[in-house]
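Work through these exercises with the model open beside you. Each task is followed by a solution in steps.

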Amino acid sequence: MPRSHGDDAPAAYLAEGTWPDGRLRDDAPVSAVYAQAFTRRLRDAIGEMGLNPFAVERVTGVGRRTVERTLKGLVLPDFGAIARLETGLGADLWPRREHSGKHTGK
């Protein structure tokens, strides 16, 4: 699936470390900044609930492969999946602008 503005997968913008906790490159697009914050929140919510990707799929209706690929930084889910994840997990996952950190990339 093509990405907005030709952005690469979110994890492709890591300067160092591992996804989603590593440092992003200075030229990372805002989509990677938001994807990183979203992935951290998703990982933490799943961990707090003691779920695996199969259980997340049952609870939210979002496919386990989408969940796994999101956690690896390969994709950023669409708005429908984000809404189902937030509702099913009962968690605020989408980062708000003031919480996503400074960004100077594209």
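**Exercise 1. State what share of the residues is buried, and list the secondary structure in order.**

Solution. This is a predicted model.
- Step 1: buried residues make up 37% of the 106 residues in the protein.
- Step 2: count the elements. The protein has 4 helices and 2 strands.
- Step 3: read along the sequence. The pattern is β-β-α-α-α-α.
- Step 4: check the range of the contacts. Among contacts between residues at least 6 apart in sequence, 52% join residues at least 24 apart.

**Exercise 2. Find the peptide bond between W19 and P20 and say whether it is cis or trans.**

Solution. 
- Step 1: P20 sits in the loop between β1 (14–16) and β2 (23–24).
- Step 2: read omega. For the bond joining W19 and P20, omega is about 0°.
- Step 3: assign the bond. The W19–P20 peptide bond is cis.
- Step 4: Most peptide bonds are trans.

**Exercise 3. Describe how α1 packs on α4.**

Solution. Two packed helices are described by the angle between their axes and the distance between the axes.
- Step 1: take both values. The angle between α1 and α4 is about 30°, and their axes are 11 Å apart.
- Step 2: classify the angle. Angles under 35 degrees count as roughly parallel, so α1 is roughly parallel to α4.
- Step 3: α1 passes α4 in a left-handed crossing.
- Step 4: name the residues. F38, L42, A45, I46 and M49 of α1 meet I82, L85 and L89 of α4.
- Step 5: sort them by class. The contact of α1 with α4 has 8 nonpolar, no polar and no charged residues.

**Exercise 4. Which residues have the most contacts inside the largest nonpolar core?**

Solution. 
- Step 1: size the core. The largest nonpolar core has 13 residues.
- Step 2: pick out those with the most contacts inside it. They are F38, L42, I46, V67, L85, L89 and L93.
- Step 3: trace the suppliers. α1 (30–49) and α4 (79–89) each supply at least two residues of this core.
- Step 4: follow one member. Not counting residues up to four places away in sequence, I46 touches L51, V56, V67, L71 and L89.
- Step 5: look for another core. A second, separate core of 8 residues includes L24, A32, V33 and A35.

**Exercise 5. Classify the packing of α2 against α3 and against α4.**

Solution. 
- Step 1: start with α3. Helix α2 (residues 53–60) and helix α3 (residues 64–71) pack at about 120°, with axes 8 Å apart. α2 and α3 are therefore oblique to each other.
- Step 2: The crossing of α2 and α3 is right-handed.
- Step 3: list the contact. P53, F54, V56 and E57 in α2 meet R64, V67 and E68 in α3. By class, the contact of α2 with α3 has 4 nonpolar, no polar and 3 charged residues.
- Step 4: turn to α4. The axes of α2 and α4 come within 9 Å and cross at roughly 95°. That makes α2 roughly perpendicular to α4.
- Step 5: list this contact. V56, V59 and T60 of α2 meet R84, L85, G88 and L89 of α4. The residues of the contact of α2 with α4 divide into 4 nonpolar, 2 polar and 1 charged.

**Exercise 6. Is L74 buried, partly exposed or exposed?**

Solution. 
- Step 1: locate the residue. L74 is in the loop between α3 and α4.
- Step 2: apply the cut-offs. Buried means under 20% relative accessible area, and exposed means over 50%. L74 has 34%, so L74 is partly exposed.
- Step 3: L74 and A12 are 62 residues apart along the chain, and their C-alpha atoms are separated by 8.2 Å.

Conventions: Residues are numbered from 1 along each chain as its sequence is written. This is a predicted model: local features need pLDDT of at least 70, side-chain atom pairs count only at pLDDT 80 or more; totals for chains, interfaces and linings use all residues. Side-chain values use heavy atoms; hydrogens and water are left out. Axes are lines fitted to C-alpha atoms, for helices over the stretch in contact, and angles run from 0 to 180 degrees between N-to-C directions. Angles under 35 degrees count as roughly parallel, over 145 as roughly antiparallel, 65 to 115 as roughly perpendicular and the rest as oblique. A crossing is left-handed if the near helix is turned anticlockwise from the far one by less than a right angle, and right-handed if clockwise. Contact means heavy atoms within 4.5 Å. Ala, Val, Leu, Ile, Met, Phe, Trp, Tyr, Cys and Pro count as nonpolar, Asp, Glu, Lys and Arg as charged, and the others, Gly among them, as polar. A nonpolar core is a set of buried Ala, Val, Leu, Ile, Met, Phe, Trp, Tyr and Cys residues joined through side-chain atoms within 4.5 Å. Buried means under 20% relative accessible area, exposed over 50%, partly exposed in between (1.4 Å probe, protein chains only).
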